[in-house]
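Open the structure in your viewer and keep the selection tool at hand. This tour stops at a sheet and then at some aromatic rings.

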Amino acid sequence: MYKLQMNIFQMQSKFSMKFKQFSTTLSSSLLLSLTVFVGVVFSSNLTLAKTPEQAPKKLTELLQEIDRAASGQNLENVINFYSNDFTNSDGLNRESLAKALANFWRLYKSVKYQTKVQSWENDGNTIVAETITYITGVQKIKNRDFTLKSTITSKQRYENGKIVEQEILAEENQITTGEKPPNVNINLPAEVKPGEKYNFDAVVQEPLGEEIILGAALVEPINENSYNFEPTDFTLELLSSGGLFKIGEAPENSEDKWLSAVLMRKGGISISTYRLRVIDVGK
């Protein structure tokens, strides 16, 4: 998860008097893909049609077991749900998943996972399921609470009692701290084609009046190396309007991106990170 590497709280108390740019660091990934990779069988040729209410008991019970293990931060139990050959769309395998989860849980001592089935289908002896996982957690830094709320939509494969493959379809995440963090609305397309331009807007919902607000936008690649928690430099700038309004261009290599907006006001900080899926429709 994001880890602020300097005393951002001291900076927050002084920003109303100093309008110069501020520098701080942010970790490179939210581990948002580390929603418990629940569910079951991924098949690109299969249409998911059956409703959540029709989901088989063995599927719903499996999801509940994984949620309990992850909420209890029981790494051994969670990893036992994964095949030795597990892969996911961000390049993680069973070993790198375990390492990333351990790093994440060292930062967030209080986490809760809740997974719901969106759609599913039988495929021989396996089940194809699309799920939504909600993650909440709290991290303490300098006696301040950073509250995390994440929502991840994914599709997986489950075979012989193990999860073997997973694709992340969408994710959105927010970390807030302070008594009055900015209430931010993100406008971003769910997916784009390689090389396509897109708008990334982070709009503060409440009127700011004469209040000063600082902000920064970041774009980061999503791959196996994204889960190493290496810090990323960014600069907070004084904003002349109530939010960030950026135009980006998708990479040519169909690699998904994390787009983040950091917004700070006197009452608190909001960090919003969304996944931009880059899909080559010609493949």
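Two strands count as paired if DSSP finds at least two bridges between them. Keep in mind that this is a predicted model.

**Stop 1: the sheet.** Select strands S7, S9 and S12. They make an open sheet of 3 strands, in the order S7-S9-S12, with antiparallel pairing. Now look at the edges. Strand S7 (184-187) and strand S12 (243-249) stand there, each with a single partner strand, so one side of each has no neighbour in the sheet. From one strand to the next, the twist averages 10°.

**Stop 2: S9 against S12.** Select residues 197-204, which are strand S9. S9 pairs with S12 in the antiparallel sense, over 7 bridges.

**Stop 3: the aromatic pairs.** Switch to side chains. A pair of aromatic rings is described by the distance of the centres and the angle of the planes. The count here comes to 2 aromatic pairs.

Start with Tyr 82 and Phe 86. Their ring centres are 4.9 Å apart and their planes stand at 75°. Planes over 60 degrees apart count as edge-to-face, so this pair is edge-to-face. Are these residues buried or exposed? Tyr 82 is buried, and Phe 86 is buried too.

Move on to Phe 104 and Tyr 108. This aromatic pair is tilted, with 5.5 Å from centre to centre and 50° between the planes. Show the surface here: Phe 104 is buried, and so is Tyr 108.

Technical notes: Residues are numbered from 1 along each chain as its sequence is written. This is a predicted model: local features need pLDDT of at least 70, side-chain atom pairs count only at pLDDT 80 or more; totals for chains, interfaces and linings use all residues. Side-chain values use heavy atoms; hydrogens and water are left out. Helices (H or I, at least four residues) and strands (E, at least two) are DSSP runs, numbered from the N terminus. Axes are lines fitted to C-alpha atoms, for helices over the stretch in contact, and angles run from 0 to 180 degrees between N-to-C directions. Rings of Phe, Tyr and Trp (its six-membered ring) pair if their centres lie within 6.5 Å; planes under 30 degrees apart count as stacked, over 60 as edge-to-face and the rest as tilted. Buried means under 20% relative accessible area, exposed over 50%, partly exposed in between (1.4 Å probe, protein chains only).
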